[in-house]
Amino acid sequence: MIEQKMDAAEADRWARLRDNLAAVRRRIEAATEAAGRQASPPELIVVTKFHPVQDIRWLASLGVTDVGENRDQEAAGKAAELDGLNLRWHFVGQLQGNKAKSVVRYAHAVHSVDRPQLAAALAKAATAEHERTGRGPLACFIQVSLDDDAGEHRGGIHAADVPALAEQLAGAEGLSLSGVMAVAPRGADPEAAFEKLAGISAALTAVHPGAGGISAGMSQDLESAIRFGATHLRIGSDILGPRPGLR
Ligand SMILES: *Cc1c(COP(=O)(O)O)cnc(C)c1O
């Protein structure tokens, strides 16, 4: 058993991850039931940014299949080191076009596509990667801004620009359009934000029926996100604790 080879600190950490993960799974289950969504529960992506690869190994041993990262250099290193675990890597952070080539090597999905130039760079890189290795299309979520202009900007394009970017992604070789992603504005009501996102998603799927993904919900607001149709939850701190160096 994995536990027997651990020292006390490791055993502690392992037990903490196990308990936190179980608690988050219970929250997800309760919210899924409350929303009447048992037939289509959301997927859990554990956001492991800033945390060591050993945590990810333990999470994988606890049944986690999908992990999220927000910096290419860190993600690329972790993905290479954990290659044997068959995890799906989700890129959830601000991404520069010149990192596209690196990201398509390990990423299953990019949740933060927020401009035409980035979509073009990802398409080019994913097509080249497909030719090189035969790997399938890169799943892309359009990150939408839900701030009104007063709020602190947390990334994403304006809702009005979603249709054009969706058209580009849907038509791009090497990419598949999965849906929309957003981060709830800080200090505002997450329910209102996720309701707005659900509306943007409905408009998108009217044109692109296969793009029904809604990547929404973090540690603080996963219940609201599930209530408004989130299909992919991105949970970090409630499973892994505070991020090292960011306290
Ligand atoms: C860090 C991060 C998360 C996880 O947030 P927590 O509050 O730690 O659950 C989710 N989404 C994005 C885009 C992130 O950068």
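**Note on the ligand site**

1. In this predicted model, the shell of residues around the ligand divides into five nonpolar, three polar and three charged residues. The residues that surround the ligand are Val 47, Lys 49, Val 92, Met 181, Met 218, Ser 219, Arg 234, Ile 235, Gly 236, Ser 237 and Arg 243.

2. As to where this site lies in the protein, the ligand sits in the largest pocket.

3. In the side chain of Lys 49, an N or O atom is 2.6 Å from an oxygen atom of the ligand, and a polar side-chain atom of Arg 243 lies 2.8 Å from a ligand oxygen atom. Gly 236 takes part through its backbone, where an N or O atom lies 2.8 Å from an oxygen atom of the ligand. Of the 390 Å² of accessible area that the ligand has on its own, the protein covers 89%.

4. Ser 219, which is also among the residues surrounding the ligand, lies in the loop between β7 (213-215) and α8 (222-227). Its relative accessible area is 7%, and Ser 219 therefore counts as buried, the cut-off for that term being under 20%.

5. A further contact joins two members of the shell to each other, since both Ser 219 and Ser 237 are listed around the ligand: a polar atom of the Ser 219 side chain lies 3.4 Å from the backbone nitrogen of Ser 237, a distance that falls within the 3.5 Å limit for a polar contact.

Terms used:
Residues are numbered from 1 along each chain as its sequence is written. This is a predicted model: local features need pLDDT of at least 70, side-chain atom pairs count only at pLDDT 80 or more; totals for chains, interfaces and linings use all residues. Side-chain values use heavy atoms; hydrogens and water are left out. A residue is near a molecule or strand if one of its heavy atoms lies within 4 Å of it. A polar contact is a pair of N or O atoms within 3.5 Å; within protein, one must be able to donate a hydrogen and the other to accept it, and residues adjacent in sequence count only if both atoms are side-chain atoms. Accessible areas come from the Shrake-Rupley method with a 1.4 Å probe; for residues, only the protein chains shown count as cover. On a 1 Å grid over the protein atoms alone, a cavity is a set of points where a 1.4 Å probe fits but cannot get out, and a pocket is an open set with protein on both sides within 12 Å along at least five of seven lines; lining residues have an atom within 4 Å of a point. A molecule sits in a cavity or pocket if more than half of its atoms lie within 2 Å of its grid points. Ala, Val, Leu, Ile, Met, Phe, Trp, Tyr, Cys and Pro count as nonpolar, Asp, Glu, Lys and Arg as charged, and the others, Gly among them, as polar. Helices (H or I, at least four residues) and strands (E, at least two) are DSSP runs, numbered from the N terminus. Buried means under 20% relative accessible area, exposed over 50%, partly exposed in between (1.4 Å probe, protein chains only).
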